[in-house]
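Have a look at the picture first.

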Amino acid sequence: AQCKQSMLHTILLLLLTQSQVYCLAGPDYRTVTFSDPDQGQVERSYIQYLPQSYTGEASVPLVLDFHGWTSSAQNQMDTESQLHTLAEEFGFIVVFVDGVPDSPSSWRSWNIAGETGPYGDVCDRDRDYWGLYECHYSCEECDAHTTCKAGMTCYNDMAFVEWLVEQLQEELNINPDRIHATGFSNGAQFTYYLASFSSIKLASVGIVSGSPLLGYGPLPPTQVPIIDFHGVYDDSIPYSVEYGAGRGPEGVVETIMSQ
């Protein structure tokens, strides 16, 4: 009787293990509590997508995908990148990460700069002239009329993503030499930020309609392959001076002002 009971217990464990792997395939909506080094405890969310081919036996690439300003991980998956379709075709894991909706409008954004950088302010502070952006609740000293942080969260997104990658590597069989990042618009700016400052060993980054703010795109300690797609008529994050608001301040690096 003990032998039968032991066998039954083993079979149940095997069935539970198999069903768990099966449930992980496809989109898995997750919310976690993260200790933000600047803001304290915060809920963060992401969509983890495992292709049907994933079994956990062989290590696979990981792609981190970051949505644009005011958007979400859901929109990024459904319409803006649809990388889950390629994940199925090529057998990699993709994680669509959410920014924190900590503004009055609940718009999500990425923390890509401070008020000033090594070359000075990252914006023209006459916001009444250029247009006001709402302050995020995480930016306690934000003044919409004078700040360069308006429209941008103050949560430490890079710290969260670094922590998230560690959690994913503990849970899943990820090839540490094939971790990639990509993003659209503000998410592309954040991807540049990660390439410059993050401790994550990125195999490559893919940029769509993004560029770093003044002083926040230095060369990383080691080379990171990059592919950058940008529409030439873009006037939100301009590709050229012609479609921007003019040149930025003269200095070590050439810059373009956005509208």
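Start with Phe197: at 35% relative accessibility, this residue counts as partly exposed, where partly exposed covers the range between buried (under 20% relative accessible area) and exposed (over 50%), worked out with a 1.4 Å probe on protein chains only. Before going further, a word on ground rules: this is a predicted model, so local features need pLDDT of at least 70 and side-chain atom pairs count only at pLDDT 80 or more, while totals for chains, interfaces and linings use all residues. Residues are numbered from 1 along each chain as its sequence is written, and side-chain values use heavy atoms, with hydrogens and water left out.

(Helices, H or I with at least four residues, and strands, E with at least two, are DSSP runs numbered from the N terminus.) Tyr193 is buried, with a relative accessible area of 16%. Between them, Tyr193 and Phe197 make a tilted aromatic pair, 4.8 Å centre to centre with 50° between the planes. Rings of Phe, Tyr and Trp (its six-membered ring) pair if their centres lie within 6.5 Å; planes under 30 degrees apart count as stacked, over 60 as edge-to-face and the rest as tilted.

How many aromatic pairs does the whole structure hold? A search finds 14 of them. One is formed by Phe66 and Phe190, edge-to-face at 5.0 Å centre to centre and 90° between the planes. Phe66 belongs to strand E3 (residues 60-66) and Phe190 to helix H6 (residues 186-197), so this pair ties together parts that are 124 residues apart in sequence. Both Phe66 and Phe190 are buried. Ring pairs also join Phe66, Trp110, Phe190, Tyr193, Phe197 and Tyr216 into a cluster.

The largest nonpolar core has 40 residues, and Phe66, Ile93, Val95, Val161 and Phe190 touch the most other members. Such a core is a set of buried Ala, Val, Leu, Ile, Met, Phe, Trp, Tyr and Cys residues joined through side-chain atoms within 4.5 Å. Helix H5 gives the largest share of this core, seven residues. Apart from it lies another core, of 10 residues, among them Tyr49 and Phe96.

Back on helix H6, you'll find Ser196, which counts as buried at 11% relative accessibility.
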